[in-house]
Amino acid sequence: MDNKFSDIYFMSRCIEVAKQGIGKTYPNPSVGCIIVNNNSIISEAYSSEHGGSHAEINAINKIKDIKLLKTSTLYVTLEPCSHFGKTPPCCNTISKYNIPRVVIGTLDNSKKVNGKGIEYLKKNNINVVFGVLKNECDELHKNFLCFNKNSRPYIILKWAQSNDKFISPLKKIEKKPFWISSLKSRQLVHKWRAKEHAILVGYNTIIDDNPKLNIRDWSGHNPTRIVVDLDNNLNEGFNIFNKEATTLKITEKEINLSNPLIDEIIKFLFKKNIQSIIVEGGRKTLDLFIKNNIWDEARVFSSNKKLVRGLKAPKINGNIMVKKKIGNDELEIIKPF
């Protein structure tokens, strides 16, 4: 087979298709699927919103001449499901249309699948190729895979700090965010928010800043907003209780305060089926995750502004994976050692 039309070539396209659905399909992953016949892509699709069809079904349903499926290869970034849920099993449909070859990027590690899809396809005499661009597919589906493996969401810590390592002034005149980062950086944050399942902040952030925690500088779905409010003191007048998105409060009624707080927060998020979360502050909340070493990424903006006095930025150790300029700011993306 010509390298241009290799499994790697088509899986690369499959990943790009999947990226179109990121942020729109929670709590399901955004899976990409393409169907290839005679080295030509004849259909491509990604997962529908939760409750709708999976990527494989969407791609199959786009084929007008179903006879082509008998001589086609189906590429999919995540192992097809083999169980009944809100939709019928994708494996059954693949077998029903006699698709002879299926190329899979990575394993669906949820308890209901976890190899059962591949096993079903093989038992039905379908040629299965597994692990094509596996690392790239693992990265694509990291939120879903982390949730199933670790019983917690993929956790991203985010903050902006001044040139002299402060995240806010000591006192503010108005109860609204004090912007350290640039407008371009804030727009990037809203793009990130549109891709993740939820945002988490502490009680003091709501009191001090009254943030909206939405994606007003980007397009897409607003994430679920979560606030740690143990005493349940926040009233409905704060911006996070508007109707733009779902808001959840973590109060003493939802958790067991005799256990470590971080453990109870993680249990709460898992119970609510939250698969990825951006922890946006404040310092006390960020430190809770850092000191307990429960995080997967930190995204830190450093501004050229100086505050001289203020609330010190968190300290974090890890591998700097990305370091680049965003407008006048510098962004570092750090992962644990």
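These legends describe close-up views of a predicted model. Residues are numbered from 1 along each chain as its sequence is written, and side-chain values use heavy atoms, with hydrogens and water left out. Local features need pLDDT of at least 70, side-chain atom pairs count only at pLDDT 80 or more, and totals for chains, interfaces and linings use all residues.

View A. Strand 12 spans residues 297–302. Five of its six residues are buried, so the rest of the structure largely encloses this strand. Buried means under 20% relative accessible area (1.4 Å probe, protein chains only). Strands are DSSP runs of E, at least two residues, and helices are runs of H or I, at least four residues; both are numbered from the N terminus.

**View B. Two partners of strand 12.** Strands of a sheet pair through backbone hydrogen bonds, either parallel or antiparallel. Two strands pair if DSSP finds at least two bridges between them. Strand 6 (residues 154–161) runs parallel to strand 12, joined by six bridges. Here tryptophan 159 has valine 300 as its bridge partner. Strand 15 (residues 329–335) pairs with strand 12 in the antiparallel sense, over five bridges. Phenylalanine 301 stands opposite leucine 331 of strand 15.

View C. The order is 2-1-3-4-5, and the pairing is mixed. Strand 2 (40–46) and strand 5 (127–130) are the edge strands, each pairing on one side only.

**View D. Strands 1 and 3.** Strand 1 (residues 32–37) and strand 3 (residues 73–78) are antiparallel, with four bridges. Isoleucine 35 has leucine 74 in strand 3 as its bridge partner.

Technical notes: Buried < 20%, exposed > 50% of the residue type's maximum accessible area, 1.4 Å probe, protein only.
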